[in-house]
Amino acid sequence: MKAAVVRAFGEPLVIEERPDPEPGPGQVRIRVEASGLCHTDIHAARGDWPVKPNPPFVPGHEGVGLVEALGDGVTHLALGQRVAAPWLGKTCGRCEYCLSGWETLCEQQINTGYGCDGGYAEKMLAWADFTQPVPQGISALEAAPLTCAGVTTYKALKVADVRPTQLVAISGVGGLGHLAVQYAKIAGAQVAAIDVTDEKLELAAELGADLVIDARKHDVGEVLQRHGGAHAAIALAVNEAAFSTAYAGLLRRGGKLVMVAMPAHGTIQVPIFGTVLNGTSVIGSIVGTRQDLAEVFQIHAAGRTRVIYETRTLASVNESMDDVLRGDIKARIVFDMAAGR
Ligand code: NAD
Ligand code: ZN
Ligand code: ZN
């Protein structure tokens with residue numbers, strides 16, 4: 001089987017031929033049909049973050065495909081069933097976080113495409129309990145972006161506790177942001193979408209954003225303050241300055257900045273006086289639980305979200321990453337594994 005492999009940070013990925021992996025106890029082998037390209041995979045391939053993967057590794061945590069082999073003890077999945085293999089590859093199941101609905105914070109977690117090989121491959125292994133069955137009627141190509149971009153932004157809006165009377169700013173309308181706009185609308189909020197490319201701004205308007213702000217041309221904070229300021233700003237742009245703008249300029253009193261994007265070496269300054277007086281908060285949000293992903297699939301199966309993507313072959317992985325960095329794509333790239341065979 002073919003896999004796209006990061007052999008060294010910052011080097012182009014290499015397509016390798018590898019033997020089919022054998023599932024261990026509790027695992028399944030998935031014949032991958034579709035695999036989304038999350039910006040996190042680019043950070044992984046470049047070694048951008050303080051905690052790094054160990055090359056060689058296969059990135060990808062939006063892999064969706066059909067179960068083709070069951071490891072010992074796997075009884076709840078059937079051969080041929082379509083499942084998704086998200087970032088949360090496995091957790092301990094016993095710690096305080098796992099037991100209190102915060103498995104995403106488990107210190108023993110293994111992350112797909114980071115701590116173990118991921119979905120940029122024709123075949124992959126996954127721990128059965130952490131795969132998510134894909135409901136009937138959702139194609140593999142649509143399920144792929146929901147598996148990270150969907151669950152992450154759905155969770156970020158839960159963490160922000162968005163209410164129908166509120167104004168939510170979505171900073172960055174890429175793979176994550178185009179779904180964030182839709183979840184914020186579903187929550188009943190007014191949505192202000194911010195980006196720096198014409199296509200993304202047009203897409204945000206098409207997906208129901210009430211206010212669309214071009215950060216190249218406008219003072220985003222000033223526009224938001226004219227509308228009373230945002231109750232929550234969801235930071236999805238891979239740009240440190242956009243975080244500072246969101247925290248310092250966009251929020252109303254009591255507002256929340258939810259940090260989701262992770263620009264390399266990113267930091268922001270949090271002024272103590274303004275934070276105290278305004279009662280603002282900064283919250284980090286990391287992917288979502290298995291239950292969050294089940295809800296994301298349920299919402300999509302009910303026809304309430306649109307996944308915007310373009311398909312590529314796995315062989316195009318390096319150009320595809322460059323195109324994401326230029327912002328020159330429809331919201332998400334999905335590798336169509338059938339197209340490359
Ligand atoms: P993406 O490249 O598809 O989207 C980023 C968007 O931000 C693009 O539309 C781009 O035009 C826009 N942008 C760039 N500069 C901007 C600016 N100054 N102001 C406003 N918009 C700007 O990336 P993605 O796949 O959506 O991922 C976004 C980030 O989220 C990445 O850093 C990724 O690693 C991170 N991420 C975090 C989690 C988590 O659990 N916290 C999960 C998935 C991804
Ligand atoms: Zn991701
Ligand atoms: Zn745990």
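Cysteine 98 counts as buried in this predicted model, because its relative accessibility of 14% falls below the 20% cut-off for that class. Its SG atom is one of the protein donors of the zinc ion (ligand 3), together with the SG atoms of Cys92, Cys95 and Cys106. These donors lie 2.3 to 2.4 Å from the metal, and along the chain they follow the spacing C-x2-C-x2-C-x7-C. The geometry at this site can be followed through its angles. The four donor atoms subtend angles of 105 to 117 degrees around the zinc ion (ligand 3), so the arrangement is tetrahedral, given that every angle must lie between 85 and 135 degrees for that label. For reference, the ideal angle for four tetrahedral donors is 109.5 degrees.

Cysteine 38 sits in the loop between β3 (27-37) and α1, while histidine 61 sits in the loop between α1 and β4 (63-70); the pair is 23 residues apart and links distant parts of the chain. Cysteine 38 is buried, with a relative accessible area of 3%, and histidine 61 is buried as well, at 2%.

Helix α1 (residues 39-46) also holds histidine 43. This histidine counts as buried because its relative accessibility is 5%, where buried means under 20%. With neighbours within four places in sequence left aside, histidine 43 is in contact with Asp48, Trp49, Val238, Met262 and Pro263.

Attention now turns to helix α4, which covers residues 175-186. The buried set consists of Gly175, Leu176, Gly177, His178, Leu179, Ala180, Val181, Gln182, Tyr183 and Ala184. What do the buried residues of α4 pack against? Their partners include the helices α3 (140-160), α5 (198-206) and α9 (290-301), and also the strands β10 (167-171), β11 (190-195) and β17 (332-336). Just after α4, glycine 188 adopts a positive phi of about 95 degrees.

How values were computed: Residues numbered from 1 in each chain as written. Chains lettered and ligands numbered in written order. Predicted model: local features only at pLDDT ≥ 70, side-chain atom pairs only at ≥ 80, totals over all residues. Heavy atoms only, no water. Helix = DSSP H or I, 4+ residues; strand = E, 2+ residues; numbered from the N terminus. Buried < 20%, exposed > 50% of the residue type's maximum accessible area, 1.4 Å probe, protein only. Contact = heavy atoms within 4.5 Å. Donors = N, O, S within 2.8 Å, 3.2 Å for Na, K, Ca; no water. Tetrahedral: all angles 85-135°; square planar, octahedral: opposite > 155°, others 65-115°. Expected span 1.5 Å × (residues − 1).
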